[in-house]
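User: I am new to this structure and would like to learn how to read its features. May we go through them one at a time?

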Amino acid sequence: MRLAGHDLTCRRGGRDIFAGLNFSVAGGEALMVSGRNGAGKSSLLRMLAGLVRIAHGDLELEGGDPNLTIGEQAHYLGHLDALKPSLSVAENLEFWAGFLGPPTSSRSGPLAAVGLDAIADLPAGYLSAGQRRRLSLARLLAVKRPIWLLDEPASTLDASGQRRLRDFMRAHLAAGGLIVAATHAALGIDGAHELRLDQLSPAFAHATAALAESEAVKVGEP
Amino acid sequence: MAAANLANPSRFLKIASPAIPWLGGLTVIAFAVGITEAVLSPDDYQQGATVKIMFLHVPGAWLGMLGWGVMTVAALGTLVWRHPLADVTAKAAAPIGAAFTFMCLVTGSLWGRPMWGTYWVWDARLTSVLVLFLLYLGVIALWRTVDDPSRAARAAAIVTLVGAVDLPIIKFSVEWWNTLHQSASVFRMDGPTIDPSILVPLLVMTGAFTLLFITLLLAAMRNELLRRRVRTLRLMQASVVG
Amino acid sequence: MSALAAIFIRDMRNTVRVGGGALMGVLFFLVVVTMVPFALGPDLALLNRIGPAILWLAALLASLLALDRLFATDHEDGSLDLILTGRPPLELVVLVKGFAHWVTTAVPIIVAAPFVGIFLNLGGRAGTATVMTLLVGTPALTFIGIIGAAIAVTLRRGGLLLAVLVLPLTVPVLIFGVAAANAAVSGPIPFGTPFMALCGLSLASLVVGPFAAAAALRLEME
């Protein structure tokens, strides 16, 4: 399995966020997307999930199911946890497992893996931010999908949560899965490819050029 | 001293929990006496056996109003004295008061059909009781909408105090406006105008229903206190898991 | 559990547990109906004549209640992203969400209508006819309203906009609903004619509503 993007351009609100983006990531590999705020990390992931239109360029997936879109074969983990506070921890997971389905055989396994099985009956509204993030991670385990699109997956997670996340990602890669993650901090995946978005932003290039110019003027003034 | 002790929720549970079965037993006895007397009471010379609806209708009206009265005092307790049991009382009383008001409306409607030829008329007494019922439902909806009990309690207390305006309107509606509904016949300055053969069972039935009201109120308060403990425990449980 | 069943169960659970649930719609319906005699005066003959119209207007307003939150809450907690990229067709998801809303909002109103009708001196034939028209007509209200709900999804104050957008579209439903109820009581046209038109409107909106709403959601979310 290989996911590749060629000459991708993302346009939001009439301006190009990034342009001419090329990347390629194969099964068993992870791609870490980095860059400053606003560089388009989230937009790239949403584009892969099919939530943002591709302004230019194309995406291709080799070795996937030809009848499904990339988004339909991927788990998308955004900034928001997609949980209903009135539903219990187990009910929330049960819903996403049913909707994204078919769920893996074990019902309680994913909750135990994220360490929430002891409070499966509590309303999700009682959970802390880190616990909510762990609950939304559980849906990646509850339904098997080859592509994981993770947007800042480690934010709000404490040290043990980050360790768990790293284990999940390693297991997914070992099983031949593919990960694209937007992140500030290193997630501890050995041999991950890195994609830096800063250089690809037209606005950034323009700004650095202008900065260099003004520096030159200053230097020129004795 | 006793009242101050009762204010502590744990004390309240310790005293109320064993009292509830006794009150329940007393209620059953009162109903046994009341229903016997009501069945044996003579029919009205005009209304026939229909008049017996009164034995449900009048207690329903009285307890519907008493319920809001209890809530009004509790609302003051919540807002002024910050009494720990006040909002529990207010929350517990609302559905019970609403149920008795509903009983009053339904029995009144069934009584009105043979007497006035219609289930419902928009007259001052009926309308003001209907407004009381709507106020009850509104407060219940408010309690259910706001998650945090103490915030819900303050909001409900304000609505309750404003809604208390309806109580004197209900009471005096039969005097202020021309209505089909008969005027007061039990609590009058010049004494009751009902024959003792009906007045006595009516008072016994009212007493029985009032005992039922108190029993239900205490049970509902106990349930609410336990529900809050469960909530606190679950919040603690969530934070322990980490 | 299929994906659509999962959506239905989740929406039902969520509505019943949050904010008074089904109680709220009925309460609103009851309050609106009881306000009319205060404005008109207690003329029972007049109330009887316009009773079906009052019940229909109140049902119309009550069925719009909370409809603006139907997609908005899913948008705010991130669920909508996953639903949009999910495998089940969005049109079917909208249909199921609309059905769940109808069950929790309209069904309690239909059940309460004969009793609320007593306040308007509507008994026997007129009451039964009005309940029948509400039963077949309210799906049209829900599925026309759902288009507005989809359009208002990203707006903070969607409630008023929803009413302004949707109410004019419900005019035919109101006309045939009240006409059928009146025809059952007084004639001169037979009950069947407007009643069939009402059924037709409901069936048509059952098809048009989900397609229009799904299209609106896709455009809004880009």
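User: How many residues does the contact take from chain A and from chain B?

Analyst: Please note that this is a predicted model. An interface may be read by counting the residues on each side: the contact takes seven residues from chain A and five residues from chain B. On the side of chain A that touches chain B, six residues are nonpolar, one is polar and none is charged.

User: How many residues does the contact take from chain C and from chain A?

Analyst: Here chain C contributes 20 residues and chain A contributes 22 residues. Two elements of chain C, α1 (3-17) and α5 (79-84), each give two or more residues to the side that touches chain A. The most come from α1(C), with seven residues. By class, this side of chain C has eight nonpolar, five polar and seven charged residues.

User: Which residues touch the most other members of the largest nonpolar core?

Analyst: In soluble globular proteins, nonpolar side chains tend to be buried together. In this model, the largest nonpolar core has 191 residues, and A:Leu149 and C:Phe29 touch the most other members. Beyond its neighbours within four places in sequence, C:Phe29 is in contact with C:Ala58, C:Ala59, C:Ala62, C:Ile109, C:Ala112 and C:Val116.

Notes:
Residues numbered from 1 in each chain as written. Chains lettered and ligands numbered in written order. Predicted model: local features only at pLDDT ≥ 70, side-chain atom pairs only at ≥ 80, totals over all residues. Core = buried A, V, L, I, M, F, W, Y, C linked by C-beta atoms within 7 Å. Buried ≥ 20, exposed ≤ 12 C-beta atoms within 10 Å, placed from the backbone. Contact = placed C-beta atoms within 7 Å. Nonpolar A, V, L, I, M, F, W, Y, C, P; charged D, E, K, R; others polar. Helix = DSSP H or I, 4+ residues; strand = E, 2+ residues; numbered from the N terminus.
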